[in-house]
Every structure is written in structure tokens, then in C-alpha cells.
Amino acid sequence: MGSAFVLMLREGLEAALIVAIVLAYLKRLGRDEAFRSVWLGTGAAVLISVAVGGGIFALLGELEGKAEAITEGVIAFSATAVLTWMIFWMARQARFIKGELQAKVDAAVAAGSAIGLAGIAFVSVLREGLESALFLVSTTVGDRSSFGGLMGALLGIAGAAGIGYLVYRGSRKVNLRVFFRVTGVLIILFAAGLLAKGIHEFQEVGFLATAGEHLWDVGRIALLNPDRSMLGEFLHGLFGWSPDPSFEMVLLYALYLVPIGTLFLVQTRKMPALKKAPAEAQVHTA
């Protein structure tokens, strides 16, 4: 539940920010009648994302044995790669998003294109939606509680929608730089856990050898066992905690977490506030 909440809060807010920025700019232009096009594009992107995520989840539910383990491992590795790319892309591009979106809205309004406005929301939200579908599948497939993951996802979406509304209303109480930095750290921890999960799945089917099947085993301690306590399940879902990891799982976890986490903290230490993109970037993206 915890991992699904954080992921959907983060991904949902990125989508909500895009919609909020576009709507706020249209309102400033006095083009409230164009809101409908933006919402149609947003709705279409959400429906497609839900359909794709549901289809993948249903397909994986039919897999068993070795095929299931291999697929779960591939999804875990893929989600780790996409998550890593996402947090660094956002850290680099956040300052220009507002200006780029406004430039695209200007072009669509100038052309009188309702489809163009719908397309801005559709493409941007669909990208976030498909990423979210992949991440949610990676957290719920083979998990102990799909219902808990669903509830976490819904709470995350609700939180993202609330923050997006505050941004649309022009609230200055939302410190987006702190939000993206904190959630970025949590996502890096989650991605490290996904990497370890992928290693575990591949070792189960014999694709990877191990120098130590269990580096430690604290499964008898109920509080730390994901099968026996809420704390253990929370740590497992959000941070990839395992009571009996292999040597390679711990090694790859550390080799990912330390350099990626350090690089992210250094890169976002003085992350600038969202601002309008320079004229050259606006012309290029229009």
C-alpha cells in the first residue's frame, strides 16, 4: 500500500500539474470554453492508462511457475530503469515545464484547434499514466494484498488531485521543490527494492547464481516478517525489505542506492523553482 501511495502521489501530481498549468493559463487568457477540450484529452488518457494497466495485470495473473517468475523479474528491472530515468528527467526539466506548456497552448489557441488543446493534455497525461500502470503492476504482481495496493493508489491519486487544485488556484503553500525531492528519495529506495526483487526472481528460476542464498534470516521475528506483521509488509512494499535476502540482492541494492541516491541529492540540492522557459525553448516546443 505504501509504495502504491507514494508512486501514484508522485506520478499523479506530475499529471495534475500539467492539467493545472494548462487550465490556469487558459483562464488567464479568458478562454474558459477551452477547458472542455483539456478535460476530454485528460479523460481519454486516463481511460487508456487504466485499460493498459488492467490488461497487463490480468495477463500476468494467468502466468504460473517459471514464466511468472521470469515476467515478474523483467517487470521489476524495467520499472527500476524507468523510475530512475523519470526522477532525473523531472529534476532537469521541471524549471521549463510551465513555459513549454504555455507555448503549446498559445500555438493551439492561435490555430483555434480544440483537438490541439486536447492533444496537449492527452499526450502529457498518457505518458504519466502508462508509467504509473507499469509501476503499479510492479508493486502488485505476486504481492500479498492487491486490495491494499489499490487503496494506496487511490489515496495517492486523491492527494495528487488535491495538490494540483491548489496549484491551479495559485496557492503558495505548496513547496513543489521539497515535495519532488522527498518523493524522489522514497522512489529511489523503492527502485532499489525492485532491483533486488528482480534479482530474487531470476535466482529462483536459475538465471542467476548466488554466493550466499541467505545473507541473514530474521523471518522468525514476527515484526520484521512481511507475512506476519503490517510493519514488515510496509517495509517490503515500499523499500523492498526481505527477511532472508541473498548476497546478490543486498549487494545490488547497495550498488544502486548509494550512487543513485547521492547523485540525486546533489543534483536537486539547489533545484530552481518552476519558471517560464526561455524564448528559444518556447519557439522550439510550440
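Threonine 268 sits in the loop that joins helix 8 (247-267) to helix 9 (279-285), where helices (H or I, at least four residues) and strands (E, at least two) are DSSP runs, numbered from the N terminus. The model is predicted: local features need pLDDT of at least 70, side-chain atom pairs count only at pLDDT 80 or more, and totals for chains, interfaces and linings use all residues. Residues are numbered from 1 along each chain as its sequence is written, and side-chain values use heavy atoms, with hydrogens and water left out.

**Threonine 268**
- Threonine 268 counts as buried because its relative accessibility is 3%; buried means under 20% relative accessible area, exposed over 50%, and partly exposed in between (1.4 Å probe, protein chains only).
- Its side chain makes a polar contact of 2.9 Å with the side chain of arginine 181.
- A polar contact is a pair of N or O atoms within 3.5 Å; within protein, one must be able to donate a hydrogen and the other to accept it, and residues adjacent in sequence count only if both atoms are side-chain atoms.
- A polar atom of the threonine 268 side chain also lies 2.7 Å from the backbone oxygen of phenylalanine 264.
- Not counting residues up to four places away in sequence, threonine 268 touches Ala91 and Arg181 (contact means heavy atoms within 4.5 Å).

**Chain as a whole**
- The protein chain has nine helices and zero strands.
- Of its 286 residues, 44% count as buried.
- Among contacts between residues at least 6 apart in sequence, 83% join residues at least 24 apart.

**Largest pocket**
- The largest pocket holds about 960 Å³ of space.
- A pocket is an open set of points on a 1 Å grid over the protein atoms alone, where a 1.4 Å probe fits, with protein on both sides within 12 Å along at least five of seven lines; lining residues have an atom within 4 Å of a point.
- Grid points are joined across faces, edges and corners, and the volume is the space filled by probe spheres set on the points.
- The lining has 35 residues, and those closest to the pocket centre are Met8, Val46, Val50, Ser132 and Ile157.
- Two or more lining residues come from each of helix 1 (2-28), helix 2 (35-61), helix 4 (114-140) and helix 5 (146-168), and helix 5 gives the most, with 11 residues.
- By class, the lining has 22 nonpolar, 11 polar and two charged residues; Ala, Val, Leu, Ile, Met, Phe, Trp, Tyr, Cys and Pro count as nonpolar, Asp, Glu, Lys and Arg as charged, and the others, Gly among them, as polar.

**Nonpolar cores**
- The largest nonpolar core has 32 residues, and Leu13, Leu26, Val105 and Leu117 have the most contacts inside it.
- Such a core is a set of buried Ala, Val, Leu, Ile, Met, Phe, Trp, Tyr and Cys residues joined through side-chain atoms within 4.5 Å.
- Helix 1 supplies the largest share of this core, 12 residues.
- Leaving aside neighbours within four places in sequence, valine 105 is in contact with Val22, Tyr25, Leu26, Leu29, Leu117 and Ile120.
- A second, separate core of 20 residues includes Ala79, Leu83, Ile87 and Phe135.

- Arginine 177 lies in helix 6 and counts as partly exposed, at 42% relative accessibility.
- The C-alpha atoms of arginine 177 and alanine 91 are separated by 9.2 Å, although the two are 86 residues apart along the chain.
- In helix 7 (residues 230-239), the buried residues are Gly232, Leu235, Gly237 and Leu238.
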